[in-house]
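Hi everyone, thanks for coming.

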Amino acid sequence: MATDDKYDRQLRLWGASGQRALGNTLVVLVGTSACGTETLKNLVLPGVGSILVVDDDDDVDGAVTTRARTELTDSLSKFASPASNFFLPPPPSSSSSRCVRNDDGDGDDGNSPRPASNAARVCALLTELNPDVVGHHLAAPSLEDLDYDSFLATLANDQPPPPPPSSSSSSSSSSSSFSSTTMTPRTVLVVSADQPSTVFLPLSRACHRRSTPLIVVRSYGLLGYVRVQTPMPYHPVIEARPSHRLPDLRLSSWPIFDGLADVLSSSTDLDDVTDTRDRSHAPFVVVLLQALDKWRRRRGGGRGVGECDDDDDDDAAAPPANVGRRQRHPETGAEKEEFRSIVRDMARDLNHEMNFKEALQEAHLIWADGRISEDVRAVLDRVDEGSFLRAAVKSDMDVDGGVEGGGGEAGEGRPSYGGFEIPPRVLQFQLLVLALKRFLKANDDYPPLEGTIPDMTSDTARYVALQEAYRRQAERDRSAIREIAKSLLDECERQSSGCDLRIAMPTDDEVQTFCKNSRYLRILETRPLFAEYELQDPASPVVASLASTLPSTSASHNIDAIQSDARDDLLATTMDPHETDPVQTPMLWWIALRACDAFYDRHQHYPGKHDQELALEADANEVYWCMVQIAGSMGLTESDFIKEHLLDRVRGKDLAREVVRYDEAEIHNIAAVVGGVASQEAVKLITGQYVPVDDTYVYNGIASTAGVYRF
Amino acid sequence: MTDDAITSNDDLPPCPPILLGIRAALGQSLLEEILSSKILLIGSGGIGCELLKNLALSGFRHVEVVDLDTIDVSNLNRQFLFRSVHVGMPKCVVASEAALRMVPPPPPPPSPPPTPTTRSSQAAAYLPHHGNVFDNSRFNVPFFQKFALVLNALDNVAARRRVNRLCLASDVPLIEAGTAGYLGQVTVIDRRSGTECYECQPKPTQKVYPICTIRSTPSQPVHCVVWAKELYRLCFGPKVEDSMLYEDEEGLRERREGDDDGDGDGDGDEKKDDDGRRTTTTGDEGSADVAAGGAKGGGGSSAYMGAMTDLRSLLGVDPASSPGSSSSSSSSTSPTPYDVASAVRSKAREVISALFVTEIEKQIGMGTYRTADRAPEPLSSSDVDSCRDVVPSPTMRDGCAPTDVWSVRECVAEIASCLVEVAENAIAQDPTFPLPEFDKDDDVAMRFVTAASNLRSYVFGIEPIQSMYDAKGMAGNIIPAIATTNAIVAGLQVLQVFHVLRAQLDVKKNGGEGGKLKECCRYIYCLRDKTRKGYLLQPTTLPDPNPECFVCRNAIVSLALNTNEWTLDMLLKRVVKKELGFAEPTVMIGEDIVYEEGEDIDPSEYAANLAKKMVDLPGGGAGHGSVLRIEDFTQDLEVEVSVSHRDCWVDVDEEKGGEAKDDGRAEMEKFEIGGKKLVAATAASSDSMKGDSVSAESDGFRAASANEGEDVLLVEENYVPRGVNEDSKMPAQTSSEHGNGSKEQLKKRAFADQAENGAKKAKFNVEDAKKPDLSEVMS
């Protein structure tokens with residue numbers, strides 16, 4: 001019964017399909033910082049399928065400074081202790097022997113006083129928040145040395161990795177020590193929390209190869225960011241849930257669909273209706289259609305084909321032959337005004353005839369005619385049948401790399417990414433998009449009708465009749481899409497020559513959801529994080545070493561395109577800084593934060609470590625120098641805004657001093673905000689609803705502001 | 001953020017490791033402030049849990065929590081301090097206990113005792129107050145004054161208003177927050193800093209449906225759901241006349257007499273047709289009454305009230321009104337449960353037949369649907385027969401799910417089995433059953449409402465038929481709530497806490513007045529779509545108070561109603577308490593106190609005035625042009641109400657060619673607050689285009705609030721924050737678009753929650769949200 005459902009409130013946001021997607025996901029957390037724990041907490045509560053917490057052993061003090069480590073541990077246990085049974089007294093000392101129940105791997109290397117690893121503790125405490133969630137943990141000797149590629153490969157296997165043969169006792173083995181038996185989630189999402197570039201760059205690379213979404217979270221002093229890296233080839237969004245959507249009424253399509261035409265022809269000309277109640281209860285849709293007819297007659301004379309309007313503006317693509325010459329609708333400002341005045345004239349008393357009033361307010365629906373938008377067109381262009389067929393059929397390693405990107409300008413030699421395979425979810429999306437493309441071709445670029453109408457002043461019967469007309473047409477469109485999809489699958493079948501297809505026919509629900517949202521389809525493709533660093537930070541030793549071991553990525557035209565796009569975007573953004581206080585523009589602080597990371601790459605510790613004033617000032621100088629470098633490699637040095645607020649020595653040094661002052665501190669409250677944002681993006685990536693940020697969300701806790709950038 | 005330059009940490013007192021970060025970022029003096037400040041938290045739900053955790057981990061040692069609620073299963077997906085073992089326990093107790101464990105241990109005693117702020121080394125205390133914030137004996141101005149600031153984590157408007165007023169009265173800063181789905185917002189209210197208060201801006205009103213739409217011309221599922229809730233009230237409510245479906249005494253009495261004549265005993269089945277016929281006749285006679293009395297939109301005396309009255313007495317909701325009048329009000333004969341079940345089933349058949357057959361036929365007969373292409377189709381008698389247990393109730397089936405959609409017969413069976421359940425519980429004398437008011441979490445109530453609503457949808461051919469899950473969303477005004485947004489908003493709130501404390505610290509250090517919060521605190525929206533500048537968190541300056549706010553600016557409230565009909569009692573209940581939110585009002589006309597309330601006041605003193613019409617009150621009466629002064633000492637609030645008399649109320653939606661026609665609202669609903677504004681907004685929408693967004697919006701609010709119904713509202717899926725949907729640089733544009741929001745448009749708006757979420761300030765209708773787009777299209 002619904003009343004017993006603890007997920008009731010969220011189901012109302014993302015529905016059963018969203019909840020299913022969550023339940024099928026394994027979230028891997030790399031690093032157990034407060035921020036990462038917060039992120040995971042917000043995913044455990046709504047019921048993600050399972051989690052895997054990965055961290056290095058406590059005693060390794062390479063990666064993060066020891067002090068930060070204890071602090072972190074401390075904060076974690078503080079955070080986590082309510083998760084334990086309230087009726088148990090809190091543990092005597094903050095980080096000591098919290099009993100980890102499903103712990104079979106770590107903590108028992110001999111009888112050392114060493115308690116369970118961070119990963120184990122965090123995992124145990126988080127799973128207590130929601131008994132539905134299966135928890136796993138893994139303590140690696142070093143996060144930097146982990147082979148993320150093969151690590152992800154084991155996860156992707158539906159087979160549970162055999163619990164390392166009592167390697168459980170030797171937590172030093174870098175293989176996993178999964179404590180639970182079942183491990184068959186369908187999708188994986190990786191969260192990297194507060195790791196240095198030596199960890200997140202290889203991770204980014206591995207996630208890219210394995211087509212696994214990655215979220216990098218960082219909370220540093222009063223600053224933080226969330227970076228989204230979409231899986232290959234891209235992240236499809238069917239339910240984009242735009243914050244406002246126009247009703248899909250098709251009033252100006254030509255001809256209007258049969259059901260609507262029936263409604264129109266069965267309603268008397270409102271000018272001839274004398275009964276005031278009848279007049280005032282005709283739905284505004286009828287009012288608008290009659291007004292449009294008048295307008296056309298007035299413009300063209302005669303109801304026939306609009307032969308006199310052949311001059312210039314058939315702005316849309318040439319109408320398909322079967323449609324005949326399309327009747328025009330008001331397009332210019334003057335025409336629109338003319339149309340409105342026709343509606344006004346039709347009304348007898350605008351103050352009392354609500355339906356006419358509504359018709360005036362909704363007149364824009366006449367010229368917003370519901371054809372597919374540029375945004376959706378861009379989505380359609382990304383999918384072509386040839387590569388879809390290849391990808392749908394091939395289930396083994398792709399030999400010629402032809403599936404990469406699923407399209408784009410076909411025929412170009414694309415670099416091979418090796419084991420990369422288009423995920424089934426994307427194939428499903430492509431199938432429906434291809435069906436849509438064919439549908440559009442046959443339907444004058446009108447997508448399937450949504451089939452719902454807004455509330456309006458009307459009597460019940462006419463409203464119901466109208467509703468019915470739209471619903472039926474939507475059903476027809478939907479079954480057309482279904483048929484096309486089926487025939488596409490048949491083609492796959494034929495080409496498969498016996499092999500199994502990697503795709504099945506979508507369910508009716510899925511087809512319906514797709515049709516309802518076809519006006520708002522989106523694709524999100526972010527630049528991989530490692531590519532971003534490669535281009536921005538070629539001097540970094542980390543990047544350099546990475547680059548030497550990796551095939552060049554800039555060969556991918558997609559990454560290039562995104563890159564140059566992002567550059568333009570970024571420059572444009574700098575034209576338009578934070579209104580009241582330009583210094584608080586999040587972009588500046590992100591550069592400062594990146595400079596701290598660069599500092600770490602050089603020194604293996606963060607700036608501000610040494611408390612003496614001179615040391616602090618020296619660190620600030622170096623951070624400032626890094627900031628200038630980074631701004632330069634981002635191509636921002638010509639921006640006036642950057643010149644004024646970052647390149648300017650005095651102002652730039654102020655920024656640097658502020659971040660040096662943080663001394664790598666993680667403030668719980670900032671971690672909570674950033675973790676909240678990160679988990680929200682994670683939910684978007686997992687459920688495929690809403691469009692995730694593209695690609696970096698920068699939070700500035702000094703001014704409580706946040707911006708989204710593509711760096 | 002801090003003015004401490006880079007300093008060395010060597011000379012600072014020791015600090016718990018977890019707070020080192022705070023000290024590094026915020027400075028030692030603010031840390032001390034954090035350790036010693038007393039914080040009041042109102043609400044320990046979704047945001048409250050996050051806040052408690054954040055406060056504890058930020059080092060706060062003195063927090064008091066007020067909450068009335070107990071823990072429910074549906075809380076567990078986000079209120080992470082609770083486990084299933086806690087279901088049923090008070091939220092504030094469990095939450096503050098949990099949070100206290102997270103508080104870092106006090107720092108070891110500093111070697112040189114720094115400042116006298118050694119309070120910080122006291123034991124930390126997180127005190128729960130399980131109670132209602134409306135309880136003035138506990139939560140009053142002196143109580144609020146103990147705190148450095150107040151954090152709101154509430155889920156309803158009424159309580160937010162109360163806290164707002166108490167904070168204004170006690171001069172304590174309030175940090176307010178709310179979420180809805182992925183959206184959220186945080187703001188700071190401080191009287192001394194001259195910020196907008198919570199009540200300066202209109203709260204988006206609940207969606208209101210014209211009575212006639214509900215009663216006779218539904219076109220959407222939600223109309224049927226609202227109708228079914230009214231039916232629930234009609235069946236089980238303590239006062240049958242509170243239901244919108246209640247039909248008046250005249251017809252009822254007539255009908256009852258008819259019953260007395262006609263019904264001897266005999267079983268319900270045969271009476272059915274009998275009933276039907278008779279009611280139709282009474283209906284015809286009734287039309288004459290309507291012409292005369294004219295108050296009822298649908299007209300005619302009731303087709304169903306007779307059966308309903310019998311049902312109520314059978315269920316033990318009402319004492320049998322006229323014993324022996326009906327064979328089935330057999331409560332006097334203390335029947336066995338089996339008898340009751342069959343009696344209820346036969347009465348249920350009668351009621352369902354009256355509602356879904358007779359009433360519909362009557363309306364058809366009156367020509368209500370004469371212009372309709374498709375007239376509603378009454379249920380068939382075989383459908384109605386499903387009452388008699390021939391079809392199993394759908395919720396008894398194996399494997400039934402809340403998302404099932406029930407057939408006509410299943411709906412009928414479900415209603416019957418709900419009624420039987422209620423009757424059996426009445427006999428078992430379970431006092432909590434049924435709930436007098438509809439509650440979305442009550443299983444029987446939800447089953448009843450779903451089934452009744454769907455039957456109506458079937459009759460009117462409205463689609464889609466709702467599953468219980470869908471109906472619950474509509475009926476319960478459920479706002480989606482998720483963990484992630486709560487986490488963000490609570491984090492932002494605590495950051496505002498730091499700002500407030502820093503400002504207070506400055507005052508302590510440097511003297512001065514305080515009240516500088518506008519300089520450091522911000523109103524923050526969490527947006528769903530980034531703005532053109534790429535912002536997803538949009539901080540804006542704290543707005544100035546609305547000069548017309550009667551709460552913080554003592555503005556005069558204008559009120560229009562029929563002063564010859566309204567009694568003081570009606571005025572107090574509907575306007576003073578419900579609309580203006582007074583708790584213990586004192587009402588004065590000139591120097592005469594006409595009403596007073598409170599602990600030490602004898603209620604009988606003014607009892608005589610309560611029944612008086614407003615014009616007849618002492619002190620010259622409260623007729624057209626008079627001014628009432630209303631005070632509430634518990635909230636330190638005083639307001640002047642200027643009364644204008646108005647006796648003509650036109651129903652806009654049932655307009656017949658300009659003829660003024662009474663809109664059939666109950667007298668209690670016929671009033672307008674801020675009436676003058678309303679006229680201006682309706683008649684001259686072009687004028688209001690010149691206005692700034694604030695006044696345009698408040699006009700709109702008043703227009704809509706005048707029509708505010710009970711708890712009829714809808715959740716819109718998409719909320720858009722005010723003025724930030726496109727580009728904050730274009731307020732003029734946005735507001736002018738908004739200014740077009742004439743009364744009608746506003747009425748049409750399905751504003752997002754009112755009751756449950758807090759993001760109300762930050763959003764207005766989708767209609768407005770898309771305006772910037774449209775302006776492009778239109779130009």
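Predicted model: local features only at pLDDT ≥ 70, side-chain atom pairs only at ≥ 80, totals over all residues.

If you look for Ala177(B), you will find its C-alpha 9.8 Å from that of Tyr525(B), although 348 residues separate the two in sequence.

Let's zoom out to chain B as a whole. It holds 27 helices and 14 strands. Of its 779 residues, 61% are buried. And take the contacts in chain B between residues at least 6 apart in sequence: 72% of those join residues at least 24 apart.

Now to a spot that comes with an annotation. UniProt, in an unreviewed entry, places the feature "binding site" at Cys197(B), Cys200(B), Cys549(B) and Cys552(B). These positions span 356 residues in sequence, but no two of their C-alpha atoms are more than 8.5 Å apart, so they gather at one spot.

Where do we find Cys197(B)? Look in the loop of chain B between strand S6 (183–189) and helix H7 (211–215). Cys200(B) is in the loop between S6 and H7 too. Are they buried or exposed? Cys197(B) has 0% relative accessibility and therefore counts as buried, and Cys200(B), at 3% relative accessible area, is buried as well. Setting aside residues up to four places away in sequence, Cys200(B) touches Pro545(B) and Asn546(B), along with Cys549(B) and Cys552(B) from the annotated group.

Next, some helix packing in chain B. Helix H8 (residues 221–236) and helix H15 (residues 443–460) pack with their axes 8 Å apart, at an angle of about 125 degrees. The two, H8(B) and H15(B), are therefore oblique to each other, and their crossing is right-handed. Among the residues that meet here are Trp227(B), Leu231(B) and Tyr232(B) on the H8(B) side, and Phe448(B), Val449(B) and Arg456(B) on the H15(B) side.

Glu359(B) is in helix H12, residues 337–365. With a relative accessibility of 9%, Glu359(B) counts as buried. Its contacts, leaving aside neighbours within four places in sequence, are Ala303(B), Tyr304(B) and Ala354(B).

Then there is Ala503(B), in helix H17, residues 483–510 of chain B. Ala503(B) is buried, at a relative accessible area of 14%. Beyond its neighbours within four places in sequence, Ala503(B) is in contact with Leu517(B) and Cys520(B). The C-alpha of Cys521(B), 18 residues away from Ala503(B) in sequence, is 9.5 Å away in space.

Let's hop over to chain A, which has a helix H17 of its own, residues 508–516. Which residues there are buried? They are Val511(A), Phe514(A) and Cys515(A). Their arc around the axis is only 95 degrees, which puts them on the same side of H17(A). The buried residues of H17(A) pack against helix H15 (424–442) and helix H16 (460–496) of chain A.

I'll finish with some backbone details. Most residues other than glycine have a negative phi, and most peptide bonds are trans. Here, Met232(A) and Pro233(A) are joined by a cis peptide bond, with omega about -10 degrees. Pro233(A) is in the loop between strand S6 (223–229) and strand S7 (235–237) of chain A. The bond from Asp694(A) to Asp695(A) is cis as well, with omega near -10 degrees.

As for phi, Glu664(A) has a positive value near 65 degrees, and Asp636(B) has one near 50 degrees. Glu664(A) counts as buried, at 16% relative accessibility, whereas Asp636(B) is exposed, with a relative accessible area of 55%.

Notes:
Residues numbered from 1 in each chain as written. Chains lettered and ligands numbered in written order. Heavy atoms only, no water. UniProt positions renumbered as here; feature names shortened; annotations may be inferred. Helix = DSSP H or I, 4+ residues; strand = E, 2+ residues; numbered from the N terminus. Buried < 20%, exposed > 50% of the residue type's maximum accessible area, 1.4 Å probe, protein only. Contact = heavy atoms within 4.5 Å. Arc of directions from axis to C-beta. Axes fitted to C-alpha atoms, helices over the stretch in contact; angles between N-to-C directions. Parallel < 35°, antiparallel > 145°, perpendicular 65-115°, else oblique. Left-handed = near helix turned anticlockwise from the far one by under 90°.
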